[in-house]
Amino acid sequence: MQLIESGGFHPITFKHIKSGAPLPENPMIITFDDGEENNYSEALPVLRRFRMSAVFFIISGNIDQIGWMKEHQIKELAQAGMEIGSHSVSHRFLSNLPETDLRDELRNSKKSLEHASGEEVVSLALPGGRGSKMVRLHGYESGYQFLATSEPGINQDGFDPFKIQRWAMTESLSDQKLRSILTGDPRVIAASQRRYRVGTRLKAIFGDELYHKIWTLAASVKLGATA
Ligand SMILES: [Zn+2]
């Protein structure tokens, strides 16, 4: 957050873009996926301290469960100027679903989150970053105006609001790398996009479920997890 502030970047929300109000200099969007309770207990106080806004993509089926945000916490986020977006009902990969399930995931999550926040929900983040033409079509028909992917990149003028690119922030990300991402260093962007494309190809070869299992296993080995 300090780096964002000192670099002269200005966090906005998707609703800001939708409103047509002039954008600040160096606009950017901070997003949080899933809706775990630490979004409320840890992220919100930091955002408040820096007077920054962010978008929280919440799995609506987890609301009020242990470890996940409660309805009143979501309301408080919205009242603090944060945007509430959908991350589906169940976090199933939307590109794999039959059309009726896909429609339910999109519509029911939007409805629950609008009820919890008291605000209109206009944005959706794809679970696992898995999208398709069909997902975009149903997203549009369900009333979403922005779809966030997991593909790394910078959203330049004239970007497609149904293919919003994002950068995953990890603990191991150095300040220097973050700075090059924020300033749009073409070498760093090209390298990340290459890696992402390799991942997409592996998914096509192994199938989505198996790829996800391998990826999860690799991640737990890296973290030194035992289970
Ligand atoms: Zn997620």
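Helices (H or I, at least four residues) and strands (E, at least two) are DSSP runs, numbered from the N terminus. The structure is a predicted model, in which local features need pLDDT of at least 70, side-chain atom pairs count only at pLDDT 80 or more, and totals for chains, interfaces and linings use all residues. Residues are numbered from 1 along each chain as its sequence is written.

**Figure 1. Asn26 in the loop between α2 and β2.** Asn26 lies in the loop that joins α2 to β2 (27-28). Its phi is positive, near 45°, although Asn26 is not glycine. A residue is buried if 20 or more other C-beta atoms lie within 10 Å of its own, exposed if 12 or fewer, and partly exposed in between, with C-beta atoms placed from the backbone. Asn26 counts as partly exposed because 13 C-beta neighbours lie inside 10 Å.

**Figure 2. His91 in the loop between β5 and α5.** The loop between β5 (83-86) and α5 holds His91. This residue, too, is other than glycine and has a positive phi, near 70°. His91 has 18 other C-beta atoms within 10 Å and is therefore partly exposed.

**Figure 3. Helix α3 and its buried side.** Helix α3 (residues 38-49) has 12 residues and spans 16 Å from its first C-alpha to its last, close to the 16 Å expected at 1.5 Å a residue; the expected span is 1.5 Å times one less than the number of residues. Asn39, Tyr40, Leu44 and Leu47 of α3 are buried. These residues lie on the same side of α3 because they cover an arc of only 75° around the axis, the arc being that of the directions from the helix axis to the C-beta atoms. The buried residues of α3 pack against β3 (31-34), β4 (55-58) and α4 (71-79). Ser41, Glu42, Pro45, Val46 and Arg49 are exposed, on the face of α3 turned away from its buried side. After α3 comes Arg51, with a positive phi near 50°.

**Figure 4. The largest nonpolar core.** A nonpolar core is a set of buried Ala, Val, Leu, Ile, Met, Phe, Trp, Tyr and Cys residues joined through C-beta atoms within 7 Å. The largest one has 37 residues, and those with the most contacts inside it are Phe56, Ile58, Ile74, Leu77, Ile84, Phe146 and Leu147. At least two residues of this core come from each of α2 (14-19), α3, β4, α4, α5 (99-117), β6 (123-125) and β7 (146-148). Two residues are in contact if their C-beta atoms, placed from the backbone, lie within 7 Å. Apart from neighbours within four places in sequence, Ile58 contacts Gly35, Met69, Ile74, Ile84, Ser86, His87 and Leu113.

**Figure 5. Ser123 in strand β6.** Ser123 belongs to strand β6. With 28 C-beta neighbours inside 10 Å, Ser123 counts as buried. Not counting residues up to four places away in sequence, Ser123 touches Phe14, Val55, Glu83, Gly85, Tyr144, Phe146 and Ala148. The C-alpha atoms of Ser123 and Asp157, 34 residues apart along the chain, are separated by 19 Å.

**Figure 6. Helix α8.** Helix α8 (residues 186-206) contains 21 residues and reaches 30 Å from its first C-alpha to its last, close to the 30 Å expected at 1.5 Å a residue. Of its 21 residues, the number buried is zero, so α8 lies largely in the open. Gly207 follows α8 and has a positive phi, near 90°.
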